[in-house]
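Please read it with the model open.

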Amino acid sequence: MKTEAMPAYPLGTSGAVQQTLRRTGTLLMYLVLMLVAVLQILPLVWLILFSLKNNQEVLGEPPFSIPLHPHWDNYVNVWTSGNIGVYFLNSVWITACALALTVLLASFVTYAVTRMKWRGRSFVLGLFMVGLMIPVHSTLIPLFSTFQKLHLIDNPLSLILSYTAFNLPTTIMVLLGFYYALPKEVEEAAIMDGCSVNRMFLRIILPMTSSVLATTGIINMIYNWNEFIFVNTFISSDVYKTLTVGVQNFIGQYTTDWGAIGATLMISILPILLAFLLLSDRIVEGISAGSVKG
Amino acid sequence: MDKVISNKRVIALYVVPSLLLLLGIVYIPIILTGYYGLNKWDGISPMIFIGLDNYQALIKDSAFWQSAYHSLLLAVFSGLSLIGYLGIALVLSGKIKAANLLRKIYLIPMLLSSVAIAQLWIKIYHPSNGVLNAFLSSLGVSDPPSWLADPKIVLFSLFVPIVWQYAGFYILIYYAGLKNIPESLMEAARIDGASSWQIATRIKLPLVTEIIKVTIVLSIVGSLKYFDLIYVMTDGGPNGASEVMASYMYHKAFRSFDFGYGSAIGFFLLLICLIATFLIRKATASKDTVQFH
């Protein structure tokens, strides 16, 4: 290791002892870190394994035994017999709509706040940032009764609007850092050439922010895909339910079929796992930027 | 230039839609919650104004205070677990190979939906086929407790998956902060003969104080309003033994259809979260914070 090459340590007669101690310490640290990693992963490994078993194998064999004949039919069965397919498609399009709306609106706001001159812009930004602190549950009853009056209960629009409103603050927070760092010269030149603000924003700024848009997009995708309480409260028909609530109801009916439950849970988390495998750097970046800065 | 970038119509076009959404869906509802709390209301028939009756009843409601106590326990538990996360992040930010991969692995549970996690942990805790009891019986434990059905331990059985869910998030935040500290500072300390322990406690920790404060607020306020896993795994049961403030509110409003009382709880929850944020900020505020940019 690098530290050993450095002459800074007082290497006297006890030098060898110190080195052994340091090596043991390093080994111990790796062990702890690995143990945490295993604990974080093991429940999911178990889930994957029992999603591919039938009840006989789940009940009769050790929990981490590899299914010799994986029951892929568990997946086929839950996809075709229940409404999981419907829930899945609802999750996809509701997540996508709310994501697109949030990222677009947040870009508009962030642009206006960071690049344009007007009174009250810091107050408006403050309103969005304080919005981060409001607990969702304190808004639930008024939202329910208001959506009811507007005939938006059991309507996906209530979800898209709620997701967008509650995700705007975090999204703006992540965008802010990026916008502050954008060079102003491009805009100045564009305005000199007679470019309008709208044109400049849509044609120049938005494309320049594509990487941070991807980051906020993936974070929004995860939030929207996993959202539970709004769907549970606002949506009652199966045709509009998303996967979280759908899975919850579905599993309630099949309490004894382990393979079916495992397959259902796997289907519900697969898009997120896939996103994680492909875009883990952006997820890490978005989560850390969206929670600490401010 | 100024004329173009202070164009009022463009600004309004860019800001007003989002602002309306924020006001309509976040701010106006919290005012309404406070107002609904002053009424007797089942959500359908007309409201009857009853003043502070709901709030007075709430103060005397032992079931509510029990749920508040459970939320507080979770807050204390989550707050204390931050120490562990900080320790792991400190180790991880040293010269550890694969640190980047490890922090990503830690994060996976946080990316999954609470419903999926809750259902998975119900299975883990399953009395006869759960992996936990299978593991315990292989160690020779013959009568493991009923994790989710025993009112004495149910709360702690729920805390475990909550910690499992959020550990990676806090480790990630701490790790990012620790990695921001310039390597030259640590090199200098090493040349002066500082041990790893001294570097960690005298250099690294003071430089992430701001981040630690933020995470204390996040974890405590997040715990006070916590709902998801508990609602799915035990629904506050058995017999209220795992009820927390948010689930109590939900049950009062959407099970007992007491929207007025539910709103009073919702408003109280909001106040508690805001006061907690304020108090923690105040308690951790110091004039001579070391900060590195």
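The points below go through the chains, their contact and some single residues.

1. Chain A has an average pLDDT of 87, and 94% of its residues score at least 70. Over residues 1-9 of chain A, however, the pLDDT is below 50, and beyond near neighbours in sequence this stretch has seven contacts in the model. Where pLDDT is low, the predicted coordinates should not be read in detail.

2. Chain A, overall build. The chain holds 13 helices and zero strands. Read from the N terminus, its elements run α-α-α-α-α-α-α-α-α-α-α-α-α. Chain A is more spread out than a compact globule, because its radius of gyration is 25 Å, well over the 19 Å that the globule rule gives for 294 residues. Its C-alpha trace spans about 70 × 70 × 35 Å along the principal axes.

3. Chain A, packing. Of the 294 residues in chain A, 43% are buried. Among the contacts in chain A with a separation of 6 or more, 78% are between residues 24 or more positions apart.

4. Chain A, domains. How is chain A divided by the domain assignment? The assignment gives domain 1 (2-51) and domain 2 (73-291). The centres of domain 1 and domain 2 of chain A, taken over C-alpha atoms, are separated by 38 Å. Four residues from domain 1 of chain A and seven residues from domain 2 of chain A take part in the contact. On the side of domain 1 that touches domain 2, three residues are nonpolar, one is polar and none is charged.

5. Helix α1 of chain A. A:Gln19 has its place in helix α1 (residues 15-51) of chain A. Is A:Gln19 buried or partly exposed? A:Gln19 counts as partly exposed because 14 other C-beta atoms lie within 10 Å, whereas a buried residue would need 20 or more.

6. Chain B, overall build. There are 14 helices and two strands in chain B. The radius of gyration of chain B is 24 Å, while a compact globule of 293 residues would have one near 19 Å. Along its principal axes, the C-alpha trace of chain B spans about 80 × 75 × 35 Å. Buried residues are 42% of the 293 residues in chain B. For contacts in chain B with a separation of 6 or more, residues 24 or more positions apart account for 71%.

7. Chain B, annotation. An unreviewed UniProt entry lists residues 69-280 of chain B as "domain: ABC transmembrane type-1". In the model, residues 69-280 are 74% helix and 0% strand, and the end C-alpha atoms are 18 Å apart. The unreviewed UniProt entry also has the annotation "transmembrane region" for residues 12-38, 72-93, 105-122, 153-176, 211-233 and 259-280 of chain B. Residues 105-122 of chain B are 89% helix and 0% strand, with end C-alpha atoms 22 Å apart. Residues 153-176 of chain B are 96% helix and 0% strand, and the end C-alpha atoms of this span lie 35 Å apart.

8. Backbone points to check. A cis peptide bond, with omega about -5°, joins B:Gly237 and B:Pro238. B:Pro238 has its place in the loop between α12 (228-233) and α13 (245-254) of chain B. A:Asp154 is not a glycine, yet its phi is positive, near 65°. A:Asp154 is found in the loop between α6 (137-149) and α7 (156-181) of chain A, and is partly exposed, with 15 other C-beta atoms within 10 Å. B:Ala98, also not a glycine, has a positive phi of about 65°. The place of B:Ala98 is in the loop between α4 (62-92) and α5 (99-111) of chain B, and B:Ala98 counts as partly exposed, with 14 C-beta neighbours inside 10 Å.

Technical notes:
Residues numbered from 1 in each chain as written. Chains lettered and ligands numbered in written order. Predicted model: local features only at pLDDT ≥ 70, side-chain atom pairs only at ≥ 80, totals over all residues. UniProt positions renumbered as here; feature names shortened; annotations may be inferred. Helix = DSSP H or I, 4+ residues; strand = E, 2+ residues; numbered from the N terminus. Buried ≥ 20, exposed ≤ 12 C-beta atoms within 10 Å, placed from the backbone. pLDDT = per-residue confidence, 0-100. Contact = placed C-beta atoms within 7 Å. Domains from an automatic or database assignment. Nonpolar A, V, L, I, M, F, W, Y, C, P; charged D, E, K, R; others polar. Rg over C-alpha atoms; globule rule 2.2 N^0.38 Å.
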